[in-house]
Amino acid sequence: MVDSAFIQASEHRPKVSIVEAGGIPLIDLSSLNSSNSNDPESLSGLVAEIGAACKDCGFFQVINHGVPLQLQERIESAARKFFALPLEEKSKVRRDEENPLGYYDTEHTKNVRDWKEVFDFTLEEPTFIPPSHEPQGQELQTLNNRWPHYPPEMREACIEYARGVEKLAYKLLELISLSLNLPADRLKGFFKGETIFVRLNHYPPCPEPHLALGVGRHKDAGALTVLAQDDVGGLEVKRKADGEWVRVKPIPNSYVINVGDIIQVWSNDKYESVEHRVVVNSQKERLSIPFFLTPAFSVMVKPLKELLQEDDPPKYKEFNWGWFLKSRKDSNFKKLGVENVQIYHFRVAE
């Protein structure tokens, strides 16, 4: 039997039948990495594809992305070795409320426990995070990654992978900016002193996969997520057209991209951060690696003035990114009894 802490309310349980996601665009980025990368025609076609994907789906997959395959193979190999360790060994690098980096196996989404274990790290060491809900004018807290002794190659594999995906994430950010008819570097200034979080997700086989979820329904808080997943599959996206949960089919050497809450606010709802979840199965374990591109903690988030018009005024009040993230992360540790902070809490009343 599955512990009651994992059991989803009946309306949020996964369906037995799977709807494969025919609606998630597949975008070939080979023109970015070729000698034609400065060709305006091929670039405008790519920008249009990405704009349509962000507007219609909020999710898309990319191939020929330029990230060396061996980086993903190395981090996956290290992750599998780490998660295979006894719990006692993994717990030596357990995260806590003071330092939310390292190993964790009791995370909650929407106040229901997830059927997974994770390892979190940041690209920059040390990392600074606001200690309270009032980040301005207060001292910042220093966080350091907690690396395990075994496997010995894990630290290097993780950092090299993150650096490789970082280049792709910034290319995608430029394309998204262009798709909003903004200069390519319009969003870059928000990321000076950014924090890049990377997570290793391990989903063990679940004896009752119809009752639990690997990750409950949620939207990503940051700007952009770049997800690597193995061949098992389990990511489901809520289709905007009809609210149906559709499965994202794993494609070898591809990444799944989704825009987060921050791009939704910057774009004043032109692009939407879409709800997604992870289903589990009773036979196979699954591994996924999300890379979260997030602004600097000091950034005040609000709709970009270039995208506003008289008949399309700001839909959100300004808020601080550091405080928003800290509030979201606090809810991962304990059942709060209320929903954690969401961007709709800052929506301007019409």
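User: Why is Asp 242 called partly exposed?

Analyst: This is a predicted model. In it, Asp 242 has 47% relative accessibility. Partly exposed lies between under 20% for buried and over 50% for exposed, so Asp 242 counts as partly exposed.

User: What makes Asp 242 and Arg 239 a salt bridge?

Analyst: Their side chains meet at 2.9 Å, N to O. The cut-off is within 4 Å, so the pair qualifies. Arg 239 is partly exposed, at 29% relative accessible area.

User: How do you know whether Asp 312 is buried or exposed?

Analyst: Asp 312 has 16% relative accessibility. Buried means under 20%, so Asp 312 counts as buried. Asp 312 forms a salt bridge with Lys 270, with the closest N and O atoms 3.1 Å apart. Lys 270 is partly exposed, at 31%.

User: Why does the pair of Asp 312 and Lys 270 tie together parts of the sequence?

Analyst: Asp 312 sits in the loop between β17 (300-301) and β18 (319-320), and Lys 270 in the loop between α5 and β15, so the pair ties together parts 42 residues apart in sequence.

User: What makes Glu 275 and Lys 238 a salt bridge?

Analyst: Their closest N and O atoms are 3.5 Å apart. That falls within 4 Å, so the term applies. The pair links distant parts of the chain, 37 residues apart. Lys 238 is in strand β12 (residues 235-238).

User: Is Glu 275 buried or exposed, and why?

Analyst: Glu 275 is buried, because its relative accessible area is 17% and the cut-off is under 20%.

Definitions and conventions: Residues numbered from 1 in each chain as written. Predicted model: local features only at pLDDT ≥ 70, side-chain atom pairs only at ≥ 80, totals over all residues. Heavy atoms only, no water. Helix = DSSP H or I, 4+ residues; strand = E, 2+ residues; numbered from the N terminus. Buried < 20%, exposed > 50% of the residue type's maximum accessible area, 1.4 Å probe, protein only.
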